[in-house]
Amino acid sequence: MTNSHDHDHDNELDPMTARVRALETILSEKGLIDPAAIDAIVDTYQNRVGPQNGARVVARAWSDTEFADWLARDATAAIASLGFTGRQGEHMHAVFNTPQTHNLVVCTLCSCYPWSVLGLPPVWYKSPPYRSRAVMDPRGVLEEFGVRLDKDVNIRVWDSTAELRYLVVPMRPAGTDGLDEDALAALVSRDSMIGTGLAEAPE
Amino acid sequence: MSGPDRGADRPLPPEIADPSPFAEPWQAQAFALVVGLHERGLFEWGEWAQALSAELKRPGVADDGSDYYACWLRALETLIGEKQIAEGADIDALAESWSRAAHATPHGKPILLENDPLTS
């Protein structure tokens with residue numbers, strides 16, 4: 001509470017909070033949810049999963065060609081081997097950027113996103129402009145993110161579904177030969193794994 | 001591939017510096033209810049994606065994504081209605097009861113549903 005006048009007022013629930021409470025009440029009375037499990041889910045997605053997981057996958061792929069091959073063949077299993085598994089039964093597919101092809105991920109349907117490796121999506125990923133423009137004008141979208149690609153680089157747009165989610169493996173930056181996986185992972189931003197960014201150059 | 005028919009000419013919303021994926025606590029709760037119900041087997045994830053997509057494609061949805069979790073909540077209510085778990089009217093009535101309970105609860109005390117003066 002930041003408002004000093006609040007102290008002598010009654011409690012108020014805003015309408016959305018009251019509505020969610022009503023749903024929780026109904027669902028737990030019917031035995032369909034366990035409030036403790038709901039709290040655990042919130043904690044997981046607020047605090048535990050995030051792009052650091054995906055950065056770990058990319059750094060391993062950059063460091064270990066066998067792992068990279070596995071990731072290309074069966075991303076779901078390769079990613080699970082690092083302890084990151086999806087809870088929606090979705091399959092993962094890793095798409096690798098090359099000097100000829102840049103990959104960009106969108107969900108035109110709603111907001112499907114590889115939660116287990118990137119956490120929950122940023123607001124722009126869920127917005128109508130991104131969802132439609134990433135398909136129609138990917139080059140323009142990339143420029144808005146400050147990514148300018150040569151004209152001869154193809155852009156492949158991957159439309160996520162409830163069953164299949166994509167992870168972009170950005171190109172390894174130059175000058176990173178001696179770096180270990182931790183140092184490499186620090187160069188891998190969330191956006192670089194959606195395709196709206198590139199991996200950063202080492203300092 | 002059929003993209004959504006809205007938002008085609010409009011700018012992307014700005015990046016928000018706050019790293020929390022939820023702007024308000026109710027959004028996190030609404031999110032977790034869906035994940036929990038799916039884990040419980042109430043629906044397939046594809047079914048959920050269709051329900052959410054239907055809400056996100058309604059006219060008037062905000063370009064900046066700010067009403068995303070309001071859409072999320074409506075999609076959840078739709079699925080709950082289809083599964084005959086609760087009707088919209090039941091949810092309305094109970095939400096009003098929660099609001100009355102909050103209003104009747106002194107500051108510093110936990111808000112409990114039984115504090116609703118019309119039901120106790």
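User: To start, how many salt bridges does the structure hold over all chains?
Analyst: The structure holds 13 salt bridges over all chains. Keep in mind that this is a predicted model.

User: Ok. Which residue forms a salt bridge with Arg60(A)?
Analyst: Glu181(A) does, and the closest N and O atoms of the pair are 2.9 Å apart.

User: What about polar contacts between the two chains?
Analyst: There are 11 residue pairs in polar contact between chain B and chain A, counting pairs with both residues at pLDDT 80 or more.

User: Which helices of chain B supply residues to the side that touches chain A?
Analyst: Helix 1 (25–39), helix 2 (45–56), helix 3 and helix 4 of chain B each supply at least two residues. The largest share of that side, 12 residues, comes from helix 1 of chain B.

User: What classes of residue are on that side of chain B?
Analyst: By class, the side of chain B that touches chain A has 41 nonpolar, 16 polar and 12 charged residues.

User: How many residues are in contact overall, and how much area is buried?
Analyst: On chain B, 69 residues are in contact with 62 residues of chain A. The two chains bury about 5,700 Å² between them, and 67% of that is on carbon and sulfur atoms.

User: Changing topic: how is each chain divided into domains?
Analyst: Chain B is divided into domain 1 (22–85) and domain 2 (88–120). The C-alpha centres of these two domains of chain B lie 24 Å apart. Chain A is divided into domain 1 (16–47) and domain 2 (50–194). For chain A, 31 Å separate the domain centres, taken over C-alpha atoms.

User: Last thing. What pLDDT does chain B average, and where is confidence lowest and highest?
Analyst: Chain B averages a pLDDT of 87, and 91% of the residues score at least 70. In chain B, confidence is lowest in helix 4 (residues 88–104), at a mean of 91, and highest in helix 3 (residues 68–82), at 96.

Definitions and conventions
Residues numbered from 1 in each chain as written. Chains lettered and ligands numbered in written order. Predicted model: local features only at pLDDT ≥ 70, side-chain atom pairs only at ≥ 80, totals over all residues. Heavy atoms only, no water. pLDDT = per-residue confidence, 0-100. Helix = DSSP H or I, 4+ residues; strand = E, 2+ residues; numbered from the N terminus. Contact = heavy atoms within 4.5 Å. Buried area = accessible area lost by both parts, 1.4 Å probe. Polar contact = N/O pair within 3.5 Å; in protein donor to acceptor, adjacent residues only side chain to side chain. Nonpolar A, V, L, I, M, F, W, Y, C, P; charged D, E, K, R; others polar. Domains from an automatic or database assignment. Salt bridge = Lys/Arg side-chain N within 4 Å of Asp/Glu carboxyl O.
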